[in-house]
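Colleague: Could you walk me through this chain? I am new to reading models.

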Amino acid sequence: MTTWFITGASRGIGREIAEQALRRGDRVAATLRRPEQLDGLAEEYGDRLWRRRLDVRDSARIEAVMAQAFADHERIDVVVSNAGLGVFGAAEDLTDEQVEGTVATNLTGSIQLARRAVPHLRAQGGGVFVQLSSMGGHLTFPGFAIYHATKWGIEGYFETLAAEVAPFGIKTVLVEPGMVRTSFYDAAERVPLSAPYRGGPADAPRPRVEDMPASQSGVAHATIEAALSDDPPLRLLLNSDAYDAVTATVRGRLASLVGQRDTAYAADAEYPALSA
Ligand SMILES: NC(=O)c1ccc[n+]([C@@H]2O[C@H](COP(=O)([O-])OP(=O)(O)OC[C@H]3O[C@@H](n4cnc5c(N)ncnc54)[C@H](OP(=O)(O)O)[C@@H]3O)[C@@H](O)[C@H]2O)c1
C-alpha cells in the first residue's frame, strides 16, 4: 500500500490526488489549513486518512507536521507539494503583501517543505517528491508576473535538488499542467489595473474556467501514474494547451539563443582588445 503526504488537500488538484489515492486503497497524510474540510473523507476512509493543519508559510509547523507524519506511518512513499495560489495584476500594481504572500506560499513554502521531507525520505532509503509547477514555469502571460516568478523559481530549485538527491533513491517530479478547471482562478486575487496599464498587455480578460481544456481528475490521475512509475520524468508536462504552448515557446527560445552564438563567443575576449 502506497502512502502519500499532500499539502493543500482541501480542494482542487491536491484534494483530487488525495481522493484518487484513497479510492485506490492507499493511505493519505493530508495537510491543509482547515482539516475539518475533510470530515466527509475521514468518515468514508477511517484511519487510511491522516490529517493535520498546515499553512505552508509556517516553516516551523512544516517541520513538526512532517516529522509527525513520518513517525505515524511505516514509510511515506510520495510527498506532493501542491499548495499554491495566484494573483492577477500588472507587476507594478501589486502590493508588498501580495508579492511576499505569493512567494511565501508557492516558492518558499515548497522549498521549506522539500528541505523537511528530504532527510526523512533519505533515512527510509528513498521515495518520490512531487512538486506542482505549471506551464507557467516555462512561459509567461502578462498580468501574472509574480506567479511566474514563483514557478520559474521552483523549477530551478527542483532541477538542482533532483540531481543532488537522486543518489539517495529520491525521485523528483515537477508537474506542469496547463489551465485546469479548479477553484484556482476564482480564489486568485485580482488587483485592479492602474490607469497606465488599462487597455495594455496586462489588461487581459480573466480566463474562463469553462474554456479550460483540463480536468483536475485527469491531472491528478497522470500525477499518480507518474509518481508510481519506475522511472518518472523530471518534468511531467500535462494537458494539450501546455504541450502546444510550452513546446512552441522552448523552440522559439532555442532559436533566439542559437542566433546569438557569435555575440556570445565574442564576449569571451577582453574589451577593448589588449594590444600585443
Ligand atoms: N488550476 C490550474 O490551472 C493550475 C495550472 C498549473 C498549476 N497549478 C498548480 O496546482 C496547484 C494546485 O492548484 P489548484 O488548481 O488545485 O488550485 P486551488 O483549487 O485554488 O487549490 C489550491 C490549494 O492550495 C491551498 N493553499 C493556498 N495557500 C496555502 C497555504 N498558505 N498553506 C496551505 N495551503 C494553501 C488551498 O487551501 P485553502 O482551501 O486553505 O485556500 C487549496 O487547497 C498549485 O500549486 C497551482 O499553482 C494549477
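Here are a few questions and answers about the fold.

Modeller: This is a predicted model, where local features need pLDDT of at least 70, side-chain atom pairs count only at pLDDT 80 or more, and totals for chains, interfaces and linings use all residues. Residues are numbered from 1 along each chain as its sequence is written, and side-chain values use heavy atoms, leaving out hydrogens and water.

Colleague: Thanks! How many helices and strands does the chain have?

Modeller: We take DSSP runs, numbered from the N terminus: H or I of at least four residues for helices, E of at least two for strands. That gives nine helices and eleven strands.

Colleague: How many residues does the largest nonpolar core have?

Modeller: Such a core joins buried (under 20% relative accessible area, 1.4 Å probe, protein chains only) Ala, Val, Leu, Ile, Met, Phe, Trp, Tyr and Cys residues through side-chain atoms within 4.5 Å. Trp-4, Ile-17 and Val-80 are among those with the most contacts inside it. Elements giving it two or more residues include strand E1 (3–6) and helix H1 (12–24). The core has 32 residues.

Colleague: Which residues is Val-80 in contact with, leaving aside neighbours within four places in sequence?

Modeller: Contact means heavy atoms within 4.5 Å. By that rule, the partners of Val-80 are Trp-4, Phe-5, Ile-6, Thr-7, Ile-17, Val-130 and Leu-132.

Colleague: What share of the 276 residues counts as buried?

Modeller: Here the whole chain is counted, with its 276 residues. The buried share is 45%.

How values were computed. Buried means under 20% relative accessible area, exposed over 50%, partly exposed in between (1.4 Å probe, protein chains only).
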